Amino acid sequence: RLSSDTLRAVSGTAASAAGQASQQTGGASFELMLSTAGFACLAAEVLAAPLVPFLLVGSALPMFVRAFDAFGRRDLLTVDVLDASATTLLACQGQFPMALFMVWLVNLGDYIRDVTVMQAQEAVKEVLAYRRTPAWVVRNGKTTQVNVDEVQVGETVVVYPGERVPIDGTVLKGKATVDQQALTGESLPVE
């Protein structure tokens, strides 16, 4: 059995996590905030009886939808089906605090997954940003700025100090320190 002090500590931590989530992700953070609100209602025991079942259903709804889609439509037994079954059993037994805690953990996991996916997508976008980088190409004795996609094999590309190297090639002349962290993970520039 959780004490009201424990619930206040858990709901305070979850509330700050949910606040950060609402700025970064959409879906998972809303359910996390609903289950956190359920914990806050449990801490204020007067509100617990009427509000907790509604908050439980609201925060568990996406899990139930995924479970129905997996088991009802595709005949698959997934973790969402198991989580929905456990939540339903706990709620039917009147164990709303346990059901709410379980849904809160599932929502926290969904939030962490969504933030991780978002960070991975941003990292991939950063690595692929070279395609938007213009290149300085020597054509007919003049240096001309063109899109990277327009650079032909065998052309000479000029890279000025502070610029990103736009395309793979061989250094013909000059010397520079190049930051290869986005490609190799090496934190120190390479000469």
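Q: Does N140 count as buried or exposed?
A: Some housekeeping: this is a predicted model, where local features need pLDDT of at least 70, side-chain atom pairs count only at pLDDT 80 or more, and totals for chains, interfaces and linings use all residues. Residues are numbered from 1 along each chain as its sequence is written, and side-chain values use heavy atoms, leaving out hydrogens and water. For relative accessible area, buried means under 20%, exposed over 50%, and partly exposed in between (1.4 Å probe, protein chains only). N140 has 80% relative accessibility, so N140 counts as exposed.

Q: What is the phi of N140 near?
A: Start with where N140 sits: the loop between β1 (134–139) and β2 (142–147). Most residues other than glycine have a negative phi. N140 isn't a glycine, yet its phi is positive, near 55°.

Q: Where does D75 lie?
A: D75 also has a positive phi without being a glycine, near 55°. At 66% relative accessibility, D75 counts as exposed. As for its place in the chain, D75 lies in the loop between α3 and α4.

Q: In what order do the elements of the protein chain run?
A: Helices (H or I, at least four residues) and strands (E, at least two) are DSSP runs, numbered from the N terminus. By that count the protein chain has six helices and three strands. Read from the N terminus on, they go α-α-α-α-α-β-β-β-α.

Q: How are α4 and α5 oriented to each other?
A: Helix α4 (residues 79–92) and helix α5 (residues 96–127) pack with their axes 8 Å apart, at an angle of about 160°. Axes here are lines fitted to C-alpha atoms, for helices over the stretch in contact, and angles run from 0 to 180 degrees between N-to-C directions. Under 35 degrees counts as roughly parallel, over 145 as roughly antiparallel, 65 to 115 as roughly perpendicular and the rest as oblique. The two helices are therefore roughly antiparallel.

Q: Which residues of α5 make the contact with α4?
A: Contact means heavy atoms within 4.5 Å. The α4 side brings D83, A86, T87, L90 and A91. The α5 side brings F96, M98, A99, M102, V103 and V106.

Q: What separation do the C-alpha atoms of L90 and M102 have?
A: L90 is found in helix α4. Leaving aside residues up to four places away in sequence, L90 touches Q95, M98, A99 and M102. L90 and M102 are 12 residues apart along the chain, and their C-alpha atoms are separated by 9.6 Å.

Q: Which residues form the largest nonpolar core?
A: A nonpolar core is a set of buried Ala, Val, Leu, Ile, Met, Phe, Trp, Tyr and Cys residues joined through side-chain atoms within 4.5 Å. In the largest one, α3 (45–73) and α5 each supply at least two residues. Its eight members are V52, L56, A60, M63, A99, L100, V103 and V106.

Q: Which residues does D80 touch?
A: D80 lies in helix α4. Its relative accessibility is 15%, so D80 counts as buried. Not counting residues up to four places away in sequence, D80 touches M63, R66 and A67.

Q: What share of the 191 residues in the protein chain is buried?
A: D80 is one of the buried residues, at 15% relative accessibility. Over the 191 residues of the protein chain, the buried share is 27%.
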